[in-house]
Amino acid sequence: MQDSNLDPKYAEMLKRQCPQRSTNPNLVVPLNPSRPTITDSGYYVDVLANKGLFASGSADKLCYSKPSV
């Protein structure tokens, strides 16, 4: 199930990069899509733009959900 707050274009990119039935244990998706090789404040900009991805303790990923204001 996809988080409804996730940016639709970003979600489509993730679906292409992470096939649903992939068995590849080495599959990695950058947490910072705008600057994947750098960890900086850009990550938080992406999160606020609904392009945030958090790694969980399992193979699943949790997506950032911005609360309603």
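1. Overall layout. The chain has two helices and two strands, and, when it is read along the sequence, these elements follow the pattern α-α-β-β. The model is a predicted one, and this should be kept in mind for every point below. Of the 69 residues in the chain, 22% are buried. Among the contacts with a separation of 6 or more, those between residues 24 or more positions apart account for 30%.

2. Confidence. The average pLDDT of the chain is 74, and 77% of the residues score at least 70. Over residues 57-69, however, pLDDT stays under 50, and for this stretch the model has 22 contacts beyond four places in sequence. A reader new to the structure may wish to keep that stretch in mind when looking at the picture.

3. At the start of α1 itself, a side-chain oxygen of D7 reaches to within 3.1 Å of the backbone nitrogen of K9.

4. The two sides of helix α1. Which residues of helix α1 are buried? In this helix, which spans residues 8-17, they are Y10, A11 and L14. These residues lie on the same side of α1, because they cover an arc of only 100° around the axis. On the other side of α1, the exposed residues are P8, K9 and R16.

5. Salt bridge within helix α1. A search of the whole structure finds two salt bridges, and one of them is formed by the side chains of K15 and E12, with a distance of 3.7 Å from N to O. Both K15 and E12 lie in helix α1, three residues apart, which is about one turn of the helix. An α-helix has 3.6 residues a turn, so residues three or four places apart point the same way. K15 is partly exposed, with a relative accessible area of 46%, and E12 is likewise partly exposed, with a relative accessible area of 41%.

6. Salt bridge between D40 and R35. D40 forms a salt bridge with R35, and the closest N and O atoms of this pair are 3.0 Å apart. D40 is partly exposed, its relative accessible area being 22%, and R35 also counts as partly exposed, at 40% relative accessibility.

7. D46 is found in helix α2, which spans residues 42-48. When residues up to four places away in sequence are not counted, D46 touches N32, P33, S34, K51 and G52.

8. G42 is placed in helix α2 and counts as buried, at 13% relative accessibility. Not counting residues up to four places away in sequence, G42 touches N32 and S34; the C-alpha atoms of G42 and N32 are 7.2 Å apart in space, while the two residues are 10 residues apart in sequence. Y43 is also in helix α2, and this residue counts as buried at 13% relative accessibility. Between the C-alpha atoms of Y43 and L53, which are 10 residues apart along the chain, the separation is 9.4 Å.

9. Most residues other than glycine have a negative phi, and most peptide bonds are trans. N50 has a positive phi of about 65° although it is not a glycine. This residue sits in the loop between α2 and β1, the strand at 53-55. Is N50 buried or exposed? N50 is buried, because its relative accessible area is 18%, and the cut-off for buried is under 20%.

How values were computed:
Residues numbered from 1 in each chain as written. Predicted model: local features only at pLDDT ≥ 70, side-chain atom pairs only at ≥ 80, totals over all residues. Heavy atoms only, no water. Buried < 20%, exposed > 50% of the residue type's maximum accessible area, 1.4 Å probe, protein only. Helix = DSSP H or I, 4+ residues; strand = E, 2+ residues; numbered from the N terminus. Arc of directions from axis to C-beta. Polar contact = N/O pair within 3.5 Å; in protein donor to acceptor, adjacent residues only side chain to side chain. Contact = heavy atoms within 4.5 Å. pLDDT = per-residue confidence, 0-100. Salt bridge = Lys/Arg side-chain N within 4 Å of Asp/Glu carboxyl O.
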